[in-house]
Amino acid sequence: MKLTRRDALAALAASTAIGIAPHAAFAQVAEKPKLTLGVGGKPLLYYLPLTVAEKKGYFKEQGLEVEINDFGGGAKSLQALVGGSVDVVTGAYEHTIRMQAKGQDIRAVIELGRFPAITIAVRKDLADKVKSAADFKGLKIGVTAPGSSTSLTAQYAMVKAGLKADDAAMIGIGAGASAVAAIKQKQVDVISHLDPVTSKLEADGDIVVLIDTRTEAGTKALFGGSNPAAVLYLKNDFAEKNPVTTQKLVNAFMKALKWLETAKPEEVADLVPQEYLLGDRPLYVRAVKNSQESYSRTGIATPDAMKSMYDSLKLLDPELTNSNVDLSKTFIDSFAKKAASGA
């Protein structure tokens, strides 16, 4: 699929406007209609907008052929982007801050989750001894992957409670059935994870939830404010070279967010692959209901929410304590604004 000279000039004009306002070029043909997207734990409800966009055919509607690579953990999908094996990533917003601090220009282009939707829970047989993050010292904490948002959230809770980030071991247990098994087989003492894993373990009576960021109240209790969660992020030069493609990706995700805003949990369960249900459809439906509040309504992270995330990272990570990241460079909001306007 080749661009005409006119298309190319229009795309070039749009690329110069990134960060200000994209223009008519975005109605044109994608510069890169075939691309690869990385994700860390696709079955998790944290990434539900991706599955919706895929299964509802929203990428194809935009003329895109998106190959999805699931790396099982957010840190691994970030590595794939940096290494060049994927073009874009659905992952945690915090990675854009960390990479900007390291001088790598990686930016989000649409917010998918406005709350982390991560829960931290203790194995029920330890609940009498472990009542808060202050009691995590020396324990094994199951996370999707070390360095991922589930790991960082657990460490943040520990630091806030007066412990050090390395006072407990972060054990990668993946997503889905492997994470459920890690608790049931007592491979870990605490689990920092997402739905449907949390709801499955709750329903089976295996855990007691101590911290819950699926809701606005729970997020504020831990972080003091809203925190951007899952986003679509990419290298800034990808957005500059492929503004039409980037806009089309954002359009597809925005449509997925709008669908989720009014969809019934039962409709979501009908849409996703059977294995996402973990063998318990009613439980998955309940998990979707528990998580629906966490999805972004606008596709745009607010400055206050981005600052809240940055402040929490500064507290957690000594490498970021004295950093000075320009948060405006972590999120290009022009694509989401255009997608929301329907222009």
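**Entry 1: the model.** I am working from a predicted model.

**Entry 2: the largest pocket.** I looked up the open spaces first. The largest pocket has a volume of about 220 Å³. I count 13 residues in its lining. Nearest the pocket centre I find Leu78, His95, Arg98, Met99 and Lys102. Helix α5 gives the most, with 4 residues. I then sorted the pocket lining by class. It has 6 nonpolar, 3 polar and 4 charged residues.

**Entry 3: the largest cavity.** The structure holds 3 cavities of 30 Å³ or more. The largest cavity has about 130 Å³ of space. Its lining is made of 17 residues. Glu94, Ser149, Thr153, Phe223 and Met309 lie nearest the centre of this cavity. Helices α6 and α14 (303-316) each supply at least two lining residues. What classes line the largest cavity? I find 12 nonpolar residues, 4 polar and 1 charged.

**Entry 4: the second largest cavity.** This one holds about 40 Å³ of space. I noted its lining residues, among them Gly40, Leu44, Gly74, Thr144 and Leu194. Ser149 is also in this lining, and I had already met Ser149 near the centre of the largest cavity. Tyr46 and Tyr47 line the second largest cavity too. By class, its lining has 4 nonpolar and 6 polar residues, and no charged ones.

**Entry 5: aromatic pairs.** I searched the whole structure and got 3 aromatic pairs. I wrote down two of them.

Tyr46 and Tyr47 have ring centres 4.8 Å apart. Their planes stand at 90°, so I log this pair as edge-to-face. Are these two tyrosines buried or exposed? Tyr46 is buried, and Tyr47 is buried as well.

Tyr156 and Phe223 have ring centres 5.0 Å apart. Their planes are at 15°, so this pair is stacked. Where do the two residues sit in the chain? Tyr156 belongs to helix α6 (residues 149-160). Phe223 belongs to helix α9 (residues 216-223). The pair links distant parts of the chain, 67 residues apart. Both Tyr156 and Phe223 are buried.

**Entry 6: cross-check.** Tyr46 and Tyr47 form the edge-to-face pair, and both line the second largest cavity.

Definitions and conventions: Residues numbered from 1 in each chain as written. Predicted model: local features only at pLDDT ≥ 70, side-chain atom pairs only at ≥ 80, totals over all residues. Heavy atoms only, no water. 1 Å grid on protein atoms, 1.4 Å probe; cavity = no way out; pocket = protein on both sides within 12 Å on 5 of 7 lines; lining within 4 Å. Points joined across faces, edges and corners; volume = space filled by probe spheres on them. Nonpolar A, V, L, I, M, F, W, Y, C, P; charged D, E, K, R; others polar. Phe/Tyr/Trp six-rings, centres within 6.5 Å; stacked < 30°, edge-to-face > 60°. Buried < 20%, exposed > 50% of the residue type's maximum accessible area, 1.4 Å probe, protein only.
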